Amino acid sequence: CEAEMAAAVDARDTLASLLGSGAFHVRNVEGDKFFGRVVADIETPDGEAIVDRLIATGLARPYDGKGRASWCN
């Protein structure tokens, strides 16, 4: 739906802005079990997890390894 597409664009743009605003650390880099993706933790220099900021602003959700919930109503 359009709401999910808009949320994805907002999340992408916010992540690009956060990563472009200065230094960051990439930790715990490993391969994912799907499609050869790489999974990693990204942190600000003071140790704040970027994913926590995205979750706090409603641009991401925690993932429990099961099916993902829809962003559409």
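# Exercises on a predicted fold

Helix H2 (50-56) is part of what covers the buried residues of helix H1. Cover here rests on contact, meaning heavy atoms within 4.5 Å. Buried means under 20% relative accessible area, exposed over 50%, and partly exposed in between (1.4 Å probe, protein chains only). Helices (H or I, at least four residues) and strands (E, at least two) are DSSP runs, numbered from the N terminus.

The model is predicted: local features need pLDDT of at least 70, side-chain atom pairs count only at pLDDT 80 or more, and totals for chains, interfaces and linings use all residues. Residues are numbered from 1 along each chain as its sequence is written, and side-chain values use heavy atoms, with hydrogens and water left out.

## Exercise A: the overall layout

Task: state how many helices and strands the protein has, and their order.

Solution. Start with the count: 2 helices and 2 strands. Next, read from the N terminus: the order is α-β-β-α. Then take the box along the principal axes: the C-alpha atoms fill roughly 35 × 30 × 20 Å. Turn to burial: 12% of the 73 residues are buried. Finish with the surface. Its accessible area is about 5700 Å², and 55% of that belongs to carbon and sulfur atoms. Such areas come from the Shrake-Rupley method with a 1.4 Å probe; for residues, only the protein chains shown count as cover.

Task: check the span of H1, then find which of its residues are buried and which are exposed.

Solution. Start with the span. The expected value is 1.5 Å times one less than the number of residues. H1 (residues 2-20) has 19 residues, so it should span 27 Å; its end C-alpha atoms are 27 Å apart, which agrees. Next, list the buried residues of H1: Ala7, Ala11 and Leu18. They cover an arc of only 35° around the axis, so they sit on the same side of H1. The arc is that of the directions from the helix axis to the C-beta atoms. An α-helix has 3.6 residues a turn, so residues three or four places apart point the same way. Then look at the other side of H1: Glu2, Met5, Arg12, Ala16 and Gly20 are exposed there.

Now take Thr14, also in H1. Thr14 is partly exposed because its relative accessibility is 28%. Leaving out residues up to four places away in sequence, Thr14 touches Leu54 and Leu59. Thr14 and Leu54 are 40 residues apart along the chain, yet their C-alpha atoms are separated by 8.1 Å.

## Exercise C: the salt bridges

Task: find how many salt bridges there are, and which residues form them.

Solution. Start with the rule: a side-chain nitrogen of Lys or Arg within 4 Å of a carboxyl oxygen of Asp or Glu. The count is 3 salt bridges. Take them in turn.

- Arg12 pairs with Asp13 at 3.0 Å, N to O. Arg12 is exposed because its relative accessibility is 52%. Asp13, at 39%, is partly exposed.
- Glu43 pairs with Arg27 at 2.8 Å, N to O. This pair links distant parts of the chain: Glu43 is in strand E2 (residues 38-43), Arg27 is in strand E1 (residues 25-31), and they are 16 residues apart. Arg27 is partly exposed, at 39%.
- Glu48 pairs with Arg53, with the closest N and O atoms 2.5 Å apart. Glu48 is partly exposed at 29%, and Arg53 is partly exposed at 32%.

Solution. Start with the rule. Neighbours within four places aside, Phe24 is in contact with Leu19, Ile42, Glu43 and Pro45.

## Exercise E: the backbone of Asn28

Solution. Start with the expectation: most residues other than glycine have a negative phi. Next, its place: Asn28 is in strand E1.
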